[in-house]
There are 2 protein chains.
Amino acid sequence: MNKFWDNYPEIQSKLEFVKMNMLKVSKNGNSYLNNSFDYLFSTSGKMLRPAFIIIGSMLKNIPLTKEKEIIVNNLAAAVEMLHSATLIHDDIIDDSFLRRGKEAIHSKYSKEHAVYMGDFLFSECFLMLSNLEIPKEVVIKLAEGISTICKAEMLQNYYRYDFNVTDEQYLKIISGKTAVLFGISLSIGAAQLDFDEEELKKIFNIGFNVGMAFQITDDILDFISEESVIGKDVKSDILKGYYTLPIILSFNTEYKNEIKSFFDKESLSDDDLINIYNLIHKSGALEKSKLIAENYTSKAINELNEFEESAGKKVMREILPVLLKRSY
Amino acid sequence: MNKFWDNYPEIQSKLEFVKMNMLKVSKNGNSYLNNSFDYLFSTSGKMLRPAFIIIGSMLKNIPLTKEKEIIVNNLAAAVEMLHSATLIHDDIIDDSFLRRGKEAIHSKYSKEHAVYMGDFLFSECFLMLSNLEIPKEVVIKLAEGISTICKAEMLQNYYRYDFNVTDEQYLKIISGKTAVLFGISLSIGAAQLDFDEEELKKIFNIGFNVGMAFQITDDILDFISEESVIGKDVKSDILKGYYTLPIILSFNTEYKNEIKSFFDKESLSDDDLINIYNLIHKSGALEKSKLIAENYTSKAINELNEFEESAGKKVMREILPVLLKRSY
């Protein structure tokens with residue numbers, strides 16, 4: 001299990017159950033298929049989305065019934081399977097050899113297998129949801145979430161290599177790609193408690209704003225990570241034409257043309273990267289990006305503070321600074 | 001609209017509505033995304049799966065209520081979107097440049113777009129199903145169908161280049177890849193009428209057996225189409241390591257080694273193809289394949305005959321000989 005949850009044994013053990021559940025439903029083919037699912041789930045990360053469902057279900061000081069526990073576990077497994085499906089397909093598209101330090105599915109097995117494995121996880125996610133005794137609205141919310149993610153991915157792909165992509169378009173893409181599923185996860189977890197529609201909307205917003213801050217922070221960190229790490233992600237993003245917020249904001253400064261001049265190159269040398277890196281720093285785009293991320297974080301915290309104290313609220317308040325690297 | 005339904009204006013007009021429905025739900029992105037869906041649905045084929053849902057809903061001489069008509073239309077759109085998603089992903093994997101005589105999505109747009117477009121269609125199919133006022137069982141059946149297809153695709157991929165693949169394994173693959181969805185389509189259409197569970201199972205079997213016969217016939221036709229067409233599909237199947245029933249059955253004959261000797265080649269000349277083609281013919285594998293297909297067709301017809309006369313039964317009986325090329 002990922003160390004991120006070391007201080008939260010309750011969440012950790014629930015995430016372990018989620019993993020077992022995912023393996024149980026996925027492994028019903030021949031040994032080759034089964035092995036590929038074992039491999040996939042052996043490389044899981046922080047499992048933030050299922051964790052958000054679990055945290056959502058802890059936002060009141062009432063213990064869940066056994067039935068609700070099962071529903072939460074299944075929702076969490078469904079969301080993680082969906083997320084795994086999108087990661088597998090992303091890695092094929094980005095030709096990423098590694099995922100979380102291990103070979104990506106398409107490089108360990110084959111592109112063919114990876115495409116179908118993603119499709120299979122999508123369908124098993126849906127099958128799991130259809131089998132649950134939950135209100136239709138929850139299934140619809142999640143199905144809409146999946147569509148939103150795919151549309152955002154198509155949009156992100158459409159804007160590749162587009163120097164004119166705006167910060168608004170970037171925010172729209174990451175809201176669909178990342179933030180919506182964070183919001184849905186937290187709110188469908190909370191929907192297992194007796195919150196009303198109004199409160200569930202607020203809880204969705206908490207998750208959504210955390211998701212926005214999380215993605216922007218991720219894009220900022222590419223430019224301020226340790227020397228050894230810098231460059232790898234930036235280089236790959238630039239060469240693949242994905243322009244993240246720091247880059248987009250730097251285009252609105254006097255450094256625009258100088259930065260852009262590197263972007264037409266077929267490959268980038270280490271010197272090029274250091275130059276880009278320095279220009280982005282000098283342009284002030286990182287500070288602006290941080291302010292935008294901070295803004296989403298503050299919104300999330302203010303919204304969270306409106307709720308009464310609960311185990312879920314406590315966990316959320318404690319993990320936010322770590323997750324959103326507020327110390328950067 | 002495909003000419004296949006020219007003699008069935010009722011089905012044709014219902015399929016037109018299905019197409020409009022698919023376009024309506026898919027087109028809600030920017031103009032680039034919208035155009036790609038216009039393009040996709042402009043190249044639709046016979047739309048057999050949605051047609052089977054419609055035919056299923058015509059298996060009694062009772063007109064459908066307006067509500068049921070809408071359900072049938074939505075189920076049909078969902079199934080065709082699902083099928084389109086699998087075709088788009090198949091074409092990426094097989095590097096097929098053309099689909100129904102027009103550029104495949106991944107070659108007209110990009111692989112990236114095609115992967116996400118398939119994923120988006122999967123999720124819109126789920127979303128459509130979740131929004132319908134139908135018993136859970138129908139949604140579960142379809143979700144299981146999608147999983148079955150993906151598992152069969154993974155299995156087919158696993159058995160690529162395997163000289164020891166058996167006819168039983170081939171039948172298992174095509175049952176998952178093709179036949180199950182034919183069966184589900186016919187039976188979820190019929191489920192809109194007042195058939196009991198027993199009858200719905202029989203109706204599933206009719207669709208399933210037609211699907212088996214259809215796929216085997218397709219694989220046979222690759223070897224007996226007109227001179228100009230021969231070779232293209234066979235060549236591509238052999239080079240990609242997909243061994244279909246005629247090939248598998250020829251491996252059980254004295255021509256085995258001679259045929260296999262061609263299969264290790266990196267490319268196949270026209271002469272090679274003619275040789276393979278002649279050997280498969282001489283081996284008697286085509287006749288054996290035809291017998292197997294005929295067997296599925298007979299089963300389907302016998303099962304169909306157990307039902308009382310209806311508009312749906314009439315259509316099914318009339319299209320089967322055309323669909324299954326019983327005159328070969």
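## Helices 1 and 4 of chain A

In this predicted model, the axes of helix 1 (residues 9-26) of chain A and helix 4 (residues 66-94) of chain A come within 9 Å and cross at roughly 65°. Helices here are DSSP runs of H or I with at least four residues, and strands are runs of E with at least two, numbered from the N terminus; axes are lines fitted to C-alpha atoms, for helices over the stretch in contact, with angles from 0 to 180 degrees between N-to-C directions. Helix 1 and helix 4 of chain A are therefore roughly perpendicular (65 to 115 degrees, against under 35 for roughly parallel, over 145 for roughly antiparallel and oblique for the rest).

Helix 1 of chain A passes helix 4 of chain A in a right-handed crossing, a crossing being right-handed if the near helix is turned clockwise from the far one by less than a right angle, and left-handed if anticlockwise.

## Helices 8 and 9 of chain A

Helix 8 (residues 167-190) and helix 9 (residues 197-224) of chain A pack at an angle of about 140°, with their axes 7 Å apart, and their crossing is right-handed. The contact includes A:Phe182 and A:Gly183 of helix 8 of chain A and A:Gly207 and A:Phe214 of helix 9 of chain A.

By class, this contact has 15 nonpolar, 9 polar and no charged residues, where Ala, Val, Leu, Ile, Met, Phe, Trp, Tyr, Cys and Pro count as nonpolar, Asp, Glu, Lys and Arg as charged, and the others, Gly among them, as polar.

## Chain A as a whole

Chain A has 15 helices and 2 strands, and its C-alpha trace spans about 60 × 50 × 35 Å along its principal axes. Among contacts in chain A between residues at least 6 apart in sequence, 75% join residues at least 24 apart.

## Where chain B touches chain A

In the contact between the chains, 35 residues of chain B meet 35 residues of chain A. Helix 6 of chain B gives the most to the side of chain B that touches chain A, with 15 residues, and that side divides into 19 nonpolar, 8 polar and 8 charged residues.

## Conventions

Residues are numbered from 1 along each chain as its sequence is written, while chains are lettered from A and ligands numbered from 1 in the order in which they are written. Because the model is predicted, local features need pLDDT of at least 70 and side-chain atom pairs count only at pLDDT 80 or more, whereas totals for chains, interfaces and linings use all residues.

Notes
Two residues are in contact if their C-beta atoms, placed from the backbone, lie within 7 Å.
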